[in-house]
Amino acid sequence: MIEGGWTSVAFWIFAPLAALPGLGILFARNIIHAAFFLLASLIGFAGLYIVIGADFLAFTQLLVYVGGILVLILFGVMLTQKDPLLVRRTKHLTSVGPGLVTFLLIGGVAMGVVWTTDWQGEGMEKIKAAAAAAAAERAERELAKADEAGGETPAVEAPEGAEPSEGAEQPAGTEPSEGDEPGEESKPGEKEDGERGTTTRIGELFMTRYILPFEVISVLILAALIGAVYIARGKDVEE
Amino acid sequence: MSPEIQLKLFLSVAAFTFALGAAIIVTRRNALGVLMGLELVINAAALNFVAFSHYVAGNIEGQVVTIFVIMLAAAEAAVALAIVLNIFGNTQTIQVDEADTLRQ
C-alpha cells in the first residue's frame, strides 16, 4: 500500500501521530490534557487506516472513537471532577518503576518479535495460499452470479492475479491483472476486486460470512447500553 | 520499501502503542486515565489485524474484525464510564487506589 510517493509520506506523518501522544497521556498531569492527547492518537490511527487502504474503517474509527468514546470519556472526566480549580495531581513518582518495567518488557518483547519473525515465511505462505484459494472460490461464485446478471468480467478477473505463488514478495506484481480499471489504482490488498470500495465488500462480509457475530454483537451492544444506564442511574431509582 | 518492511513498520507502531498503553494502565491512578490506556491497547491490536490481513492474507477480513473490535470498545467504554460514575457517586473519588467499593 505504501509504495513510495505520498502514501509513504502519509505513513511517516500518521505513525508518530498515532504512537507518540501516548507519551502525553502517560505524563499529562491534567486528565483533560490526556483526553486531548488521546484524540490526537485516535486521529493518527485513522490516518494509518487510510494509508493501508481501509477507508471505511478510518471513518468508522473517527465516528465511533472520536465522536463517541472520546466524548464519553470527556463527559466522564468533567462529571467526576470535584473542583475544576483544584485538579487532582497524579503522583507519578510512586508508579514510575512499574510503568517503566511494563513498557520496556512488553515493548521490547513485541518489537523483538516483530523484527525477527519472517512474516513472509512458510507459515505465512500457507495462510496466503488459503486466503487466495478462498478468494478464488468466492470469485467463482461471483462469476456465476455475474453470468446470471449479465457478465461483469472485471470482478472475476482480479482474483486470478491473487494466486498464492506470486503474492509474497511483490504484491505490486499482481497489479497488471486489473490494470484496465482506471477508477482506482490497484492496491496489493485489494486484488480480489479492486474496482469496488472496501465499504461494499465489508457490508457483504457482514451480511454473509460474519452474519452471526454481527447479530451477536448487536445483542451485546444492547445489553451494554441497558447495563450502562442501569449502573449509572441505579442509585437514583432507589432513592 | 518492500511489503515486509511496511508490515513491520505497522506492527512496530502497534507494538509501541500497545506497550505505552500498558504502561499507562499500570501508571495512571485516575480510572479514566486507565481507560485511555485501554483504548490505546485496543487500537494497537486492531491495527495489527488490519496490517496482517492486508499484507499477509491480502484481503479485507481483518477490517471486519477491527470493526467488531471498535464496537466492543464502544460497549466497553459505555459500561466502564457507568461504573466510574457510580463509583464517584459512592466514594467521591475515581483514583483507582482509593476507590475500593462498588456500594455504599
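Predicted model: local features only at pLDDT ≥ 70, side-chain atom pairs only at ≥ 80, totals over all residues.
A salt bridge, as the term is used here, is a side-chain nitrogen of Lys or Arg within 4 Å of a carboxyl oxygen of Asp or Glu.

How many salt bridges does the structure hold over all chains? There are three, and another of them belongs to chain A, where Glu137(A) pairs with Arg141(A) at 3.8 Å between the closest N and O atoms. Both residues lie in helix α6 of chain A, four residues apart, again about one turn of the helix. Here, however, Glu137(A) is partly exposed, at 48% relative accessibility, and Arg141(A) is also partly exposed, its relative accessible area being 48%.

Let me turn now to the place where the chains meet. The contact draws 89 residues from chain A and 77 residues from chain B, and the area buried between them is about 7,700 Å², with carbon and sulfur atoms giving 75% of it. On the side of chain A that touches chain B, the elements giving two or more residues include α1 (5–19), α5 (96–116) and α9 (211–238) of chain A, while α4(A) gives the most, with twelve residues. By residue type, that side of chain A divides into 57 nonpolar, 18 polar and 14 charged.

Which residues form the salt bridge between the chains? They are Arg209(A) and Glu61(B), whose closest N and O atoms are 2.5 Å apart. The pair joins two chains, because Glu61(B) lies in helix α3 (residues 61–91) of chain B, whereas Arg209(A) is in the loop between α8 and α9 of chain A. Glu61(B) is buried, with a relative accessible area of 12%, but Arg209(A) is partly exposed, at 42%.

Finally, I come to the aromatic rings, for which a search of the whole structure finds seven pairs over all chains. In one of these, Phe103(A) and Phe16(B) stand edge-to-face, 5.7 Å centre to centre and with 85° between the planes. This pair also joins two chains, since Phe103(A) lies in helix α5 of chain A and Phe16(B) in helix α1 of chain B. Phe103(A) is partly exposed, at 22% relative accessibility, and Phe16(B) is partly exposed too, with a relative accessible area of 22%.

Is the pair of Phe206(A) and Phe214(A) stacked, edge-to-face or tilted? Its ring centres are 5.0 Å apart and its planes stand at 45°, so the pair is tilted. Of these two residues, Phe206(A) counts as buried, at 8% relative accessibility, whereas Phe214(A) counts as partly exposed, at 25%. I will close with a group that draws on both chains, namely the one aromatic cluster formed by Phe11(A), Trp12(A), Phe10(B) and Tyr55(B).

Notes. Residues numbered from 1 in each chain as written. Chains lettered and ligands numbered in written order. Heavy atoms only, no water. Contact = heavy atoms within 4.5 Å. Buried area = accessible area lost by both parts, 1.4 Å probe. Nonpolar A, V, L, I, M, F, W, Y, C, P; charged D, E, K, R; others polar. Buried < 20%, exposed > 50% of the residue type's maximum accessible area, 1.4 Å probe, protein only. Phe/Tyr/Trp six-rings, centres within 6.5 Å; stacked < 30°, edge-to-face > 60°.
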